[in-house]
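Please examine the sequence and the structure below, and then read the points by topic.

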Amino acid sequence: MFKRLLPHPVLTPILTIIWLLLTNSIATGQLLLGLMLGWAIPFFTIRFWPDEVTIYQPIKLLQFSLVVLFDILVANFIVARLILGNPDRLSPTFIIVPLDIKSDIAISLLANIISLTPGTVSSLLIEDRTQLVVHALDTDNADALIASIKTRYEAPLKEIFEHVG
Amino acid sequence: MQEYILAFLIVTGASFTLVGSLGLARLRDFYMRLHGPTKATTLGVGCLLIASAIYFSSKPDSFSMHEVLITLFLFITAPVSAHLLAKAALHLKLRSIAKLPEQS
Amino acid sequence: MLGNAVQSEVISVALMIAFSMVSVAVALSFWRLFRGPDRPDRILALDTLYINTIALLILLGIYLDSALYFEAALLIALMGFIGTVALCKYLLRGDIVE
């Protein structure tokens, strides 16, 4: 019953907040309108939404977001330095990261995080979802880079989104 | 004090935007060029948007947070478009300085 | 001067520096857009151009002290992303509509 009335409890507050940001006001009227939209949009589109996402460790997710934000800041300075330096001295490589994670959300988050952090852009997910091809802007040690991606980003994502038995 | 923070954010943001485009113009192959715009430009525009949010919120009885929307949107979409571009480039087998991975 | 001269000296100097930097960035993206050499390069240049335009609009909004430019920036962000995705899809399968 509850499930039918409020089909997507996470999406509703998110949509409400987006509406308030969009109208740029916190007036009661806008809040009500936002809540209504936040309820109506998931209610009528629930059939288009893919499987539910379960977050097993919310606190870990917060910690992980902070780590990633910090890495994004550092990444920008690193890439800025590489761009301003001598472009002939860069040694770009394609590296292949074997994936342990299986769920859609974890893989797409990992790919996005890789693209936003130091000198790497995820370029291709091999069809069977076991390997991710990543382009690194400047690296001498591909194995160390793969290992750091796996421990720094993939392991926390696995803990957060996939139940470790 | 606040105006110095604002000025700092504006200049930093613009510098990162410039660095991103410089990477686009300067680096030697497509896959390397991809790095500049995806990272530097996103952070650059992020800085500018935060500056704009602070500027419009600092005026008497007004607040402005809708800049956060564009920032979030850019941070979500930049890696997605980078990934798609790289995928398209690999599909077309563009010339690359790095050895192309074998297509399985 | 176009603006309503409400900004302090520091901010208007910063704005001028930022305007020139972003303009150079736009010029560099245009150069890449014309030079190519491949289609993905041009799409990437267009994508960068969108983001640079957003930066310019935000700066203009602060300079003219008007929140009106925000909507334009938001629309460019949305359309730019959709345009990039559509062009990439076109390159990937020679067809946009599935």
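Chain A is divided into two parts, domain 1 (2–48) and domain 2 (58–161). The C-alpha centres of domain 1 of chain A and domain 2 of chain A lie 33 Å apart. The model described here is predicted.

**A tryptophan in chain A**

- A:Trp19 has its place in helix α2 (residues 11–23) of chain A.
- With a relative accessible area of 23%, A:Trp19 is partly exposed, because the buried class ends under 20% and the exposed class begins over 50%.
- When residues up to four places away in sequence are not counted, A:Trp19 touches A:Gln30, A:Leu33, A:Gly34 and A:Leu37.
- A:Trp19 and A:Gly38 are 19 residues apart along the chain, and their C-alpha atoms are separated by 8.4 Å.

**Two helices of chain B**

- In chain B, the axes of helix α3 (residues 35–57) and helix α4 (residues 67–91) come within 9 Å and cross at roughly 175°.
- This crossing makes α3(B) roughly antiparallel to α4(B), because angles over 145 degrees are placed in that class.
- The α3(B) side of the contact includes B:Thr38, B:Leu43, B:Leu49 and B:Phe56, and the α4(B) side includes B:Ile70, B:Leu74, B:Phe75 and B:Ala82.
- Sorted by class, the contact of α3(B) with α4(B) has 10 nonpolar, 5 polar and 1 charged residues.
- Among the residues in this contact, B:Glu67 belongs to α4(B).

**A buried threonine in chain B**

- B:Thr17 is found in helix α1 (residues 2–26) of chain B.
- The relative accessible area of B:Thr17 is 0%, so this residue is buried.
- Neighbours within four places in sequence left aside, B:Thr17 is in contact with B:Ala40, B:Thr41, B:Gly44 and B:Val45 in chain B, and with C:Ala25, C:Asn52 and C:Ala55 in chain C.
- B:Val45 also takes part in the contact of α3(B) with α4(B).

**Aromatic pairs**

- A pair of aromatic rings is described by the distance of the centres and the angle of the planes.
- How many aromatic pairs does the structure hold over all chains? There are 7.
- One of them joins B:Phe30 and B:Tyr31, with ring centres 5.7 Å apart and planes at 75°, so the pair is edge-to-face.
- B:Phe30 counts as buried at 2% relative accessibility, and B:Tyr31 counts as buried at 1%.
- B:Phe73 and C:Phe81 form another edge-to-face pair, with 6.1 Å from centre to centre and 85° between the planes.
- This pair crosses between chains, from B:Phe73 in helix α4 of chain B to C:Phe81 in helix α3 (residues 69–93) of chain C.
- Are these two residues buried or partly exposed? B:Phe73 is partly exposed, with a relative accessible area of 22%, and C:Phe81 is partly exposed, with 21%.
- A:Phe94, B:Phe30 and B:Tyr31 form one aromatic cluster.

**Chain C as a whole**

- The secondary structure of chain C comes to 3 helices and 0 strands, and the pattern read along its sequence is α-α-α.
- Chain C has 98 residues, of which 49% count as buried.
- Of the contacts in chain C with a separation of 6 or more, 57% are accounted for by residues 24 or more positions apart.

Technical notes
Residues are numbered from 1 along each chain as its sequence is written. Chains are lettered from A and ligands numbered from 1 in the order in which they are written. This is a predicted model: local features need pLDDT of at least 70, side-chain atom pairs count only at pLDDT 80 or more; totals for chains, interfaces and linings use all residues. Side-chain values use heavy atoms; hydrogens and water are left out. Axes are lines fitted to C-alpha atoms, for helices over the stretch in contact, and angles run from 0 to 180 degrees between N-to-C directions. Helices (H or I, at least four residues) and strands (E, at least two) are DSSP runs, numbered from the N terminus. Angles under 35 degrees count as roughly parallel, over 145 as roughly antiparallel, 65 to 115 as roughly perpendicular and the rest as oblique. Contact means heavy atoms within 4.5 Å. Ala, Val, Leu, Ile, Met, Phe, Trp, Tyr, Cys and Pro count as nonpolar, Asp, Glu, Lys and Arg as charged, and the others, Gly among them, as polar. Domain bounds come from an automatic or database domain assignment. Rings of Phe, Tyr and Trp (its six-membered ring) pair if their centres lie within 6.5 Å; planes under 30 degrees apart count as stacked, over 60 as edge-to-face and the rest as tilted. Buried means under 20% relative accessible area, exposed over 50%, partly exposed in between (1.4 Å probe, protein chains only).
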